[in-house]
Structure formats: C-alpha cells, structure tokens
Amino acid sequence: MNKSTLAGTALAVTAAAATGSVASPNRTPGWYDRLRKPSFQPPKAAFPIAWTSLYADIAVTSANTIDRFREDGRDAQASGYIAALGVNLAINAGWSWLFFRYHKLGGSVLGAAALTASSADLVRRAVDADPRKGWALLPYPLWCGFATVLATSLWRLNR
C-alpha cells in the first residue's frame, strides 16, 4: 500500500469524523437522552466502537482500492473513487449536524439513506478494483443501513 495514499484517505476520514463530532451528543447534552428510542437501540458505547472500526476500514480499504486502480492504469476509476469518497465523507459528517446539532429527525432519515446509498456505491467501486476490497468495505453500508432504520424509528417515535 502506498503510504501517501493511506495518509490521504486517513486525513479525509479523520476530517469527516472530527467535523461530525463537533455536533455530537456530548455537545448537545440532554436532547438526545430525552428522545424516545426503539427497543433495538444499541447501547451508547457501541457507537464509538463501531464508528472507529468503520473509519479505519474506510481509510485502509479506500487507500488499497485507489492504489489498485492506479497500479492497473485505471486513473479515471481512481479519480472517480476519490470523488465518491469525498461526497460520502461529506454526507457522513453532515448527518451528525442534521441529527445532533439541528435536531432534524426527518432530515436525518434522508441523510442516513443517502449515506447508505453512497457507502454501497463505494463498495461497488471497490469491487471493481478487487472483489476482496469490496467485501472489506461491506460493513460500512450495512451499518449505515441499520442507522437508517434506527433514524427512521427515532423520527417516528418522536414526531
């Protein structure tokens, strides 16, 4: 793996995580705790564990995918993946703002659905580089799909 590619994807993922964390529930105490939650709501401790693992996976798998495209002389696909990753990370960070900072429960459902679709697109692109890379990235859209179901339930319970 090219270290500069990994540094770039790690920096992009870290920037998205940091931007989203500014709007985190720790910065909006009380509001999130007062929401009615569905029975399948994971414990609070699950979220930082899941997201830290996913962010590491996104950075490493994305770097490997970009490198594979470049090694195969498919620079257009590498550039397309980089652009898709940028959009994905912007949606990712934006979701936290919609939900935690602005308390837009309905908007957060749409944001989570968009993130799920964007994450699935990253998997599709990674599979084009190497099917193993797609499998490695698959937990991301699966988690985002679960987050969409969770956000929908939160919106329904708290309208």
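Colleague: Why does His103 count as partly exposed?

Modeller: Because its relative accessibility is 33%, and partly exposed is the class between buried (under 20% relative accessible area) and exposed (over 50%), with a 1.4 Å probe and protein chains only. Before we go on, this is a predicted model: local features need pLDDT of at least 70, side-chain atom pairs count only at pLDDT 80 or more, and totals for chains, interfaces and linings use all residues. Residues are numbered from 1 along each chain as its sequence is written, and side-chain values use heavy atoms, with hydrogens and water left out.

Colleague: Where is His103 found, and what is its phi?

Modeller: His103 is in the loop between H4 and H5; helices here are DSSP runs of H or I with at least four residues, strands are E runs of at least two, and both are numbered from the N terminus. Its phi is positive, about 55°, although His103 is not a glycine. Most residues other than glycine have a negative phi.

Colleague: Which residues of H4 are buried, and what covers them?

Modeller: Among the buried ones are Tyr81, Leu85, Asn88, Asn92, Trp95 and Phe99. The cover includes helix H1 (3-21), helix H3 (46-71), helix H5 (105-129) and helix H7 (139-157). Ala83 is also found in H4, but at 45% relative accessibility it counts as partly exposed.

Colleague: What does UniProt place at residues 78-99 and 135-155?

Modeller: The unreviewed UniProt entry gives "transmembrane region" for both; positions follow the numbering used here, feature names are shortened, and annotations may be inferred rather than shown by experiment. In the model, residues 78-99 are 100% helix, with end C-alpha atoms 32 Å apart. Residues 135-155 are 95% helix and 0% strand, with ends 31 Å apart.

Colleague: What makes Trp95 and Phe100 an edge-to-face pair?

Modeller: Rings of Phe, Tyr and Trp (its six-membered ring) pair if their centres lie within 6.5 Å; planes under 30 degrees apart count as stacked, over 60 as edge-to-face and the rest as tilted. Trp95 and Phe100 are 5.8 Å centre to centre with 90° between the planes, so the pair is edge-to-face. Trp97 and Tyr102, at 6.2 Å and 40°, are tilted. Trp95 and Phe100 also belong to one aromatic cluster with Trp31, Tyr32 and Phe99.

Colleague: How do you know that the charged end of Lys37 sits over the ring of Tyr32?

Modeller: The rule asks for NZ of Lys or CZ of Arg within 6 Å of the ring centre and within 35 degrees of the ring normal. The charged end of Lys37 sits over the Tyr32 ring, 4.6 Å from its centre. Arg159 does likewise over Trp155, at 4.5 Å.

Colleague: How many residues does the largest nonpolar core have?

Modeller: That core has 25 residues, and Trp51 and Tyr81 are among those with the most contacts inside it. A nonpolar core is a set of buried Ala, Val, Leu, Ile, Met, Phe, Trp, Tyr and Cys residues joined through side-chain atoms within 4.5 Å. H3 gives the most to this core, with 8 residues.

Conventions:
Contact = heavy atoms within 4.5 Å.
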